[in-house]
Amino acid sequence: MSVQKTGDIALDHIIDEMVDTVTNSKDEIFQIGEESRNEFEKLNSELADTKKQVISLIDEGDKLEQKVRFSRVRLSEVSKQFQTYSEEEIRKVYEQTHGLQMELSMKREKEKQLRERRDDLERRLRNLEETIGRAEALGGKISIVLNYLTEDFKHVSDALEDAKEKQEFGLQIIEAQEEERRRLSREIHDGPAQMLANVMLRSDLVDRTYRERGVEEAMQEVKSVRALVRSALYEVRRIIYDLRPMALDDLGLIPTLKKYLATIEDYNNSIHISFASFGKERRLDTKYEVALFRLVQEAVQNAVKHAEPKEIKVKVELKSNGVMIVVKDDGKGFDTTQKKEKSFGLVGMRERVDMLDGELNIDSSLGEGTIVTIHLPIN
């Protein structure tokens with residue numbers, strides 16, 4: 001057996017042990033994160049209840065304090081004119097005042113305890129937030145290391161001989177994979193996961209409505225649940241389609257765009273989507289077809305999700321040395337000078353256009369719709 005082969009076997013063995021160790025560490029970090037999230041939700045709920053109790057006690061205490069002041073004034077009047085009142089009346093006023101003072105003292109003490117509990121809960125929640133954040137950050141780093149060990153590093157040595165090329169190649173793959181997984185995770189969490197959670201809640205409501213209000217109202221709730229399920233199914237299909245439309249490989253850019261836009265229109269009955277292509281239809285290099293499809297897809301999805309349009313127009317012109325895309329909607333528009341927090345759509349489009357040395361222009365204003373124009377040179 002050659003020295004090189006022996007070294008490869010030893011390296012694979014070391015990597016296997018590292019993979020096992022990193023995998024176990026990742027599972028433990030995930031468990032810590034999940035336990036912290038569960039504890040955070042529990043404490044957050046308790047904090048909300050505690051705040052309500054504090055507010056209630058403050059209100060009750062203020063009202064009781066007014067009663068105590070009134071009772072003290074009454075006691076002072078009775079004491080000054082004790083000849084006018086009987087011993088029983090004086091004793092009754094005194095006991096009433098003393099009782100109110102004791103009740104007020106107890107409420108203020110309980111309020112103090114609840115305030116301390118509230119402050120303690122807020123401190124614990126801040127600590128848990130930091131713990132969750134650190135766990136997520138560390139989990140992401142470990143995922144990158146694990147992917148590098150399991151998917152990229154093991155066999156890349158057979159394909160690449162230069163150590164620097166191997167490192168750069170592996171890191172680029174890992175970065176792309178992690179970014180795509182983060183995007184899918186966000187889409188699934190914000191879309192189908194939320195919808196299905198809502199379906200579960202609404203299904204419980206259907207059962208309760210049937211028992212308390214009868215079949216007719218229950219059927220109305222069933223219709224609402226069916227609509228939620230349909231929306232969730234659409235989101236799942238959209239995400240699957242986003243991964244890789246097979247028609248792009250088989251038919252090319254223009255037919256795939258026609259099919260995609262027709263599907264979007266079917267699932268959004270209130271929006272009319274028109275498509276027009278100019279120039280001689282031809283197949284492009286795969287990287288251009290994928291990029292152009294993704295750019296149109298992102299522009300249309302942004303309009304559907306955020307602009308509330310009645311009509312979207314998509315135009316594609318194939319030139320001899322480039323492609324021009326125009327996506328226009330009559331929606332509510334937006335202020336292009338204001339950047340929304342956690343707005344990844346336009347950022348992703350700009351990055352994709354920049355990678356292909358193209359130009360992206362977005363013309364929009366509030367109430368005037370949006371026009372997205374893209375120019376890509378084709379070599």
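**Helix pair**

I started with H6 (residues 253-267) and H7 (residues 286-307) in this predicted model: their axes come within 11 Å and cross at roughly 20 degrees. Angles under 35 degrees count as roughly parallel, so I put H6 down as roughly parallel to H7. For the handedness, I noted a right-handed crossing where H6 passes H7.

Next I looked up who touches whom. On the H6 side I have Leu253, Thr256, Leu257, Tyr260, Leu261 and Ile264. Their counterparts in H7 are Glu289, Leu292, Phe293, Val296, Gln297, Val300, Gln301 and Val304. I sorted the H6 and H7 contact by class and got ten nonpolar, three polar and one charged residues.

**Sheet**

Then I turned to the strands. Five of them make an open sheet, ordered S1-S2-S3-S5-S4, with mixed pairing. At the edges I found S1 (272-278) and S4 (359-364), each pairing on one side only. From one strand to the next, I get an average twist of 10 degrees.

I took a closer look at S4 and S5 (residues 370-377): the two run antiparallel and are joined by six bridges. One bridge I checked pairs Asn361 with Thr373 in S5.

**Helices on the sheet**

Last, I asked myself which strands each helix touches. H6 packs on the sheet against S1 and S2 (311-318), and its direction makes about 170 degrees with that of S1. H7 also packs on the sheet, touching S2, S3 (322-329) and S5. For the direction of H7 against that of S3, I wrote down about 10 degrees.

Key. Residues numbered from 1 in each chain as written. Predicted model: local features only at pLDDT ≥ 70, side-chain atom pairs only at ≥ 80, totals over all residues. Heavy atoms only, no water. Axes fitted to C-alpha atoms, helices over the stretch in contact; angles between N-to-C directions. Helix = DSSP H or I, 4+ residues; strand = E, 2+ residues; numbered from the N terminus. Parallel < 35°, antiparallel > 145°, perpendicular 65-115°, else oblique. Left-handed = near helix turned anticlockwise from the far one by under 90°. Contact = heavy atoms within 4.5 Å. Nonpolar A, V, L, I, M, F, W, Y, C, P; charged D, E, K, R; others polar. Pairing = 2+ DSSP bridges.
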